[in-house]
Every structure is written in structure tokens, then in C-alpha cells.
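This report describes a helix pair and then the surroundings of selected residues. The structure is shown first.

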Amino acid sequence: MTSALLIIDVQHALCHGADAAFDMDGVIKRINSVSARARAAGVPVILIQHEEADGPLQHGAEGWQLDARLQLSDADQRLHKTACDSFYKTNLQDLLLSHAVDHLVVCGLQSEFCVDSTVRAALARGYPVTLVADGHSTVDNAVLNAAQVSAHHNTTLANLGSFGPRVTPVPAAEVALSA
């Protein structure tokens, strides 16, 4: 399989302050370990940034910037999106086709929003997905704490079978990548 790594919405506004996702130091460290292995293997790394018309995720604002702890490469590709689904009204599908990608590795923010939506959209397009089980996060909500939300999504996404391709949650240290 030819893989691509999607790093979704690891942006300043979602990693710092009152809206910071849970365990961002650890999550970013694990994402960096996966992205370093991806680059070493020649696997495309696609950095996805959410943007809104105003507020902290407005294009170019400090909150919109990728978190400074992320290790980046000039070879990484950037993609801007305006919806939870990273495929919606973006050129992600074209990027993946241009690299002959047939498998996605997904990590980032937030577990129940953009990670979930992108994973489901990938399945609908025929991509099997490796979900970096300890490489996505979110914030507490009125029902579950952030760790529970992420764990719930690892389990829920792994149990989706109707699309054909499947989601396999794998700890960052065990993610296999192939170009």
C-alpha cells in the first residue's frame, strides 16, 4: 500500500489556552515521531488547517498557525479547509491521486469533529485508514472527558464495516508507513 499521513488541525488556537485539547504535549510528540518516520520512508505528509471567516481560526491569525511544536519539512504539503471533512471543497482527493495513495494514516484534532469526519469521508472514498490511536485529541464535553471521547472514537471508527475499507487504530510507536 502507498500511504499518506494527514495531520489535521494541529493549530495554535486548539493547542493553547482555554480551548487547548487534552495532552497536547504528548499528542504532538507522538505526531512528530510518526511524521519523522513518514518523511524518512518517502510518505507524503499533508498538513491540514481549518479556517473560518473570523475568530481565532481566521486565515493568517495567530490561532490559525500550525502549533510551533510540530516538526515541519519544506516537502510537507499544506491544505486549507472550512469544514470538518478534509475532503469537502478541497483538493485533498487530487493530492492523494497524484501520489497514487491508497491508504491513509490520520492524526490531529479534534477527535469527534475533524478527525472523525475526515476518517469517515476517507472510508467512503475507498481508503483504508490507520488511525494514530494516541495521536488525536479533543476537549472535555458535558458528557465525557477528552480522553474518553478519543478512546470512544478509536473504538467506534474501528467498528465501522459498511464502507468496505476499515479503520485500524494503532499506537504511534507501532504505525507502519510505506511509500
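## Packing of helices H4 and H5

In this predicted model, helix H4 (residues 111-124) packs against helix H5 (residues 146-158) at an angle of about 15°, and their axes lie 10 Å apart. Because angles under 35 degrees count as roughly parallel, H4 is roughly parallel to H5. The crossing in which H4 passes H5 is right-handed.

H4 contributes Ser 111, Glu 112, Asp 116, Val 119 and Arg 120 to the contact, while H5 contributes Val 149, Ser 150, His 153, Thr 156 and Leu 157. By class, the residues of this contact comprise three nonpolar, four polar and three charged.

## Lys 81 in strand S3

Lys 81 belongs to strand S3, which covers residues 77-81. Is this residue, Lys 81, buried or exposed? With a relative accessible area of 1%, Lys 81 is buried, since buried means under 20%.

The side chain of Lys 81 is joined to that of Asp 9 by a polar contact of 2.9 Å. With neighbours within four places in sequence left aside, Lys 81 is in contact with Ile 8, Asp 9, Ile 48, Gln 49, His 50, Glu 51, Ser 86, Thr 90 and Cys 114.

## Gln 93 in helix H3

Gln 93 lies in helix H3, which spans residues 92-98. Its relative accessibility is 24%, so Gln 93 counts as partly exposed. Along the sequence, Gln 93 and Thr 2 are 91 residues apart; in space, their C-alpha atoms are 14 Å apart.

Which residues does Gln 93 contact when neighbours within four places in sequence are left aside? They are Phe 87, Arg 125 and Tyr 127. With Tyr 127 there is also a polar contact, made between the side chains of Gln 93 and Tyr 127 at 3.3 Å.

## Ser 178 after strand S6

Ser 178 is placed in the segment that follows strand S6 (167-170). A relative accessibility of 28% means that Ser 178 counts as partly exposed.

Ser 178 and Ser 3 are 175 residues apart along the chain, yet 5.6 Å separates their C-alpha atoms. Not counting residues up to four places away in sequence, Ser 178 touches Met 1, Thr 2, Ser 3 and Val 43. For Met 1, the backbone oxygen is reached by the side chain of Ser 178 at 2.3 Å.

Key: Residues numbered from 1 in each chain as written. Predicted model: local features only at pLDDT ≥ 70, side-chain atom pairs only at ≥ 80, totals over all residues. Heavy atoms only, no water. Helix = DSSP H or I, 4+ residues; strand = E, 2+ residues; numbered from the N terminus. Buried < 20%, exposed > 50% of the residue type's maximum accessible area, 1.4 Å probe, protein only. Contact = heavy atoms within 4.5 Å. Polar contact = N/O pair within 3.5 Å; in protein donor to acceptor, adjacent residues only side chain to side chain. Axes fitted to C-alpha atoms, helices over the stretch in contact; angles between N-to-C directions. Parallel < 35°, antiparallel > 145°, perpendicular 65-115°, else oblique. Left-handed = near helix turned anticlockwise from the far one by under 90°. Nonpolar A, V, L, I, M, F, W, Y, C, P; charged D, E, K, R; others polar.
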